[in-house]
Amino acid sequence: MRFTEADRLLFAGDSITDSGRDREDPASLGKGYVRQIADRLGEGPEVLNKGLNGNRIYDLEARWTTDVLAFRPTVLTVKIGINDTWRTFDRGLPSPVGKFRAAYSRLLAGARQHLPAELYVITPFLLPVEPEQHEWLDDLAPRIEVAVDVATEFGARLVRADLFMPRAAEEHGAATLAPDGVHPSPLGHRLLAEAWLATAGAPVEGVPLS
């Protein structure tokens, strides 16, 4: 097995990771890609979902110690960044790229310092379904670059959602994969789960992805 019962897989991020999890139930995995990954891995490792709806990178950093480091995961996945772009446009809350990079670096540096964990970074993505969302792409592009750079610096495995999701959108249509351009549909979550599993090189025993 790629992962065993001794492993604890923790997924941290925003609403795409959260995906409707029950905050009162520590075992709740939501309905998205984290749930699908856990189903495919079967009864092996423990899986924890620490996504939180609406988080920007600064929100994730504020809870990094309590929600991530304290759980001592052996495999840690981070997916963050789209809200740093979205909030810039809908609420006028800028997230300068330099500060975004510094915060992302602090997160992974802290993980490297305090955890014996294998690290994964899922890049942020956007599938514009509204005309104004095309303006967001210029703001998101340097954040994707930051995610790639920081993952490389700290030896994290990269899951390039910014590449495979747009390619899939060419075949299926953007709204089919993310009805609002941001939050994945069941098919979108399936693609995220499959990409993570392929990157992990994990043999799976659970139910097939549907």
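1. Val97, Phe100, Arg101, Tyr104, Ser105 and Leu108 of helix 6 meet Pro142, Arg143, Val146, Ala147, Asp149, Val150, Ala151 and Glu153 of helix 7. By class, this contact of helix 6 with helix 7 comprises 9 nonpolar, 1 polar and 4 charged residues. The model is a predicted one.

2. On the geometry of that pair: helix 6 (residues 97-114) packs against helix 7 at about 30°, and their axes are 10 Å apart. Angles under 35 degrees count as roughly parallel, so helix 6 and helix 7 are roughly parallel to each other. The crossing of helix 6 past helix 7 is right-handed.

3. Helix 7 (residues 136-153) also holds Asp139. The side chain of Asp139 makes a polar contact of 2.6 Å with the side chain of Thr85. If neighbours within four places in sequence are set aside, Asp139 is in contact with Asp84, Thr85, Thr88 and Phe89.

4. The sheet is open and has 5 strands, ordered 2-1-3-4-5, with parallel pairing. Strand 2 (46-51) and strand 5 (157-159) are its edges, each pairing on one side only. Direction ignored, neighbouring strands of this sheet are turned by 15° against each other on average.

5. Ile122 stands opposite Val159 of strand 5. Helix 2 packs on the sheet, where it touches strand 1 (8-13), strand 2, strand 3 (75-79) and strand 4. The direction of helix 2 makes about 165° with that of strand 1.

6. Helix 2 (residues 33-41) has a helical partner as well: its axis and that of helix 10 (residues 186-200) come within 8 Å and cross at roughly 50°. Helix 2 and helix 10 are therefore oblique to each other. Helix 2 passes helix 10 in a crossing that is right-handed.

7. Which residues make the contact between helix 2 and helix 10? From helix 2 they are Tyr33, Gln36, Ile37, Arg40 and Leu41; from helix 10 they are Pro186, His189, Arg190, Leu192, Ala193, Trp196 and Leu197. Sorted by class, the contact of helix 2 with helix 10 has 8 nonpolar, 2 polar and 2 charged residues.

Notes
Residues numbered from 1 in each chain as written. Predicted model: local features only at pLDDT ≥ 70, side-chain atom pairs only at ≥ 80, totals over all residues. Heavy atoms only, no water. Axes fitted to C-alpha atoms, helices over the stretch in contact; angles between N-to-C directions. Helix = DSSP H or I, 4+ residues; strand = E, 2+ residues; numbered from the N terminus. Parallel < 35°, antiparallel > 145°, perpendicular 65-115°, else oblique. Left-handed = near helix turned anticlockwise from the far one by under 90°. Contact = heavy atoms within 4.5 Å. Nonpolar A, V, L, I, M, F, W, Y, C, P; charged D, E, K, R; others polar. Pairing = 2+ DSSP bridges. Polar contact = N/O pair within 3.5 Å; in protein donor to acceptor, adjacent residues only side chain to side chain.
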